[in-house]
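The following note sets out numbered points for a colleague who is meeting this structure for the first time. Please read each point with the structure in view.

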Amino acid sequence: MSEKRIGIIMHGVTGRMGMNQHLTRSILEIRKEGGVTLKDGTRLMPDPVLVGRNAGKLESLARANSVERWSTDLAQALASKADTVFFDAASTQLRPRLIKQAIAAGKHVYCEKPVATTLAAALGLYRAAKRARVKHGVVQDKLWLPGLLKLKRLRDAGFFGRILSVRGEFGYWVFEGDRQPAQRPSWNYRKEEGGGIILDMLCHWRYVIDNLFGEVKAVACRGATHIPLRWDENGKRYRATADEAAYATFELAGGAIAHFNSAWTVRVRRDDLLTLQVDGTRGSAVAGLRRCWTQSLEETPKPVWNPDIPQPIDFFQGWKEEPDDPAWGNAFKAQWELYLKHVAGEGPFRWGLMEGAKGVQLAELGLKSWRQRRWLNVPALRA
């Protein structure tokens, strides 16, 4: 069996998400497994070079993971003909410039989302990639989570009947940073640095809703900054200027309604950090990141409102857990494998920069809806 190398410039992987999900659990895991198998039996082996600004962090990360190559010179890395893919997981504000730089160097591009802070910039990236005829992709990891794959399997089997509504609850308590360190970086709470939960999470909810429940046609959104003062990584107090909670309702093609609450100011009393409840005419399902429970029409209890007696029905009974599929693994790794096959010439990859632009579009409309306090239609995007 032959092996084919593919060089990947990995920018911004000293951060938590880039390091854990993209480098360690995706690229390095693929290497441990012997690469990605192509149709002809060839093993496509990723060969990463870690790129960033902090030489100490890069060297330490490379040494800890037996990665041979790292650099603080992005221009030099992009000039290398031996490395054909550029990946970015750094700052959202810097991403458009970096992606355009990589496209100009003839690299195929793959990046985290949001792809930009404005729809105009996001569409500019798509058009630049199209003109250069490079292959492109945007991380849309939640589509490969076991819990959401189970929802897709139920939908495809007709379990729900006609989907009526979707309710999403996402978030957890992010500490302010004074009594104990915050578990999210302080830039998340600074609008001027690209922070804000509407920009962050509505990009996710766009691809989740579009792919599983129906295309988003309209949005009404309300943001909030519930905690105005926080403490940064150095213990210095600062004023939060970005939204840290979002309450958004979406009208979907086909008539279903979706409502998603997203907050870094909520204490969790539910099955997971993200839960989705889908209600249809024939059945309902509740899914977290990995597990999923269903209740069919035939299994649905018949409650009667009577506040004068203890509730006689245990509403947690009568739900069945959906089985796992042993083929499902890490969601980020699953999409990386598909993208690498695409770069190697095997199959289409529909999660490109236009899909990333759709997420930014919804976030931009969500922020506008909040400012104007009204519903806004979501127009179809044109290349």
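1. Strands E14 (residues 274-280) and E15 (residues 283-287) run antiparallel and are joined by four bridges. A hairpin of two residues connects E14 to E15, and Val278 stands opposite Ala285 in E15. Strands are DSSP runs of E with at least two residues, helices are runs of H or I with at least four, and both are numbered from the N terminus. Two strands count as paired if DSSP finds at least two bridges between them.

2. This is a predicted model, in which local features need pLDDT of at least 70 and side-chain atom pairs count only at pLDDT 80 or more, while totals for chains, interfaces and linings use all residues. Residues are numbered from 1 along each chain as its sequence is written, and side-chain values use heavy atoms, with hydrogens and water left out.

3. E14 is mostly covered, with six of its seven residues buried. Here buried means under 20% relative accessible area, exposed means over 50%, and partly exposed lies in between, for a 1.4 Å probe and protein chains only. E14 also pairs with strand E8 (residues 163-171), in the antiparallel sense, through seven bridges. In that pairing, Arg167 is opposite Gln277 in E14.

4. Which strands make up the open sheet, and in what order? The order of its nine strands is E17-E16-E15-E14-E8-E13-E12-E9-E18, and the pairing is mixed. Strands E17 (320-321) and E18 (376-377) stand at the edges with a single partner strand each, so one side of each has no neighbour in the sheet. At the E18 end, strand E9 (residues 216-224) pairs antiparallel with E18 over two bridges, and Val219 stands opposite Leu376 in E18.

5. Helix H6 (residues 146-156) packs on this sheet, touching E8, E14, E15 and strand E16 (292-296), and its direction makes about 25° with that of E16. Contact means heavy atoms within 4.5 Å. Axes are lines fitted to C-alpha atoms, for helices over the stretch in contact, and angles run from 0 to 180 degrees between N-to-C directions. Helix H7 (residues 197-212) lies across E8, E9, strand E12 (245-252), strand E13 (257-263) and E14, and runs at about 145° to E13.

6. How are H6 and H7 placed relative to each other? The two helices pack at an angle of about 25°, and their axes are 10 Å apart. That makes H6 roughly parallel to H7, a term used for angles under 35 degrees; over 145 counts as roughly antiparallel, 65 to 115 as roughly perpendicular and the rest as oblique. Leu148, Lys152 and Arg155 in H6 meet Val208, Asn211 and Leu212 in H7. The buried residues of H6 include Pro146, Leu149, Leu151 and Leu154, and the buried residues of this helix pack against H7, E14, E15 and E16. Just after H6, Gly158 takes a positive phi of about 80°.

7. A separate set of pairings involves strand E1 (residues 3-11), which pairs in the parallel sense with strand E3 (residues 43-51) over nine bridges. Gly7 has Asp47 in E3 as its bridge partner. E1 also runs parallel to strand E5 (residues 83-88), to which five bridges join it; there, Ile8 is partnered by Val85.

8. Several backbone details deserve attention. Most residues other than glycine have a negative phi, and most peptide bonds are trans. The bond from Lys113 to Pro114 is cis, with omega near 0°, and Pro114 is found in the loop between strand E6 (108-111) and helix H5 (119-132). Arg133 has a positive phi, near 55°, and lies in the loop between H5 and strand E7 (136-138); at 76% relative accessibility, Arg133 counts as exposed. Arg373, in the loop between helix H9 (353-372) and E18, likewise has a positive phi near 55° and is exposed at 68% relative accessibility.

9. Overall, the protein chain has nine helices and 18 strands. Its radius of gyration is 22 Å, close to the 21 Å given by the globule rule for 383 residues, so the chain is as compact as a globular protein of that length. The radius is taken over C-alpha atoms, and the rule is 2.2 Å times the number of residues to the power 0.38. Of the 383 residues, 51% count as buried.
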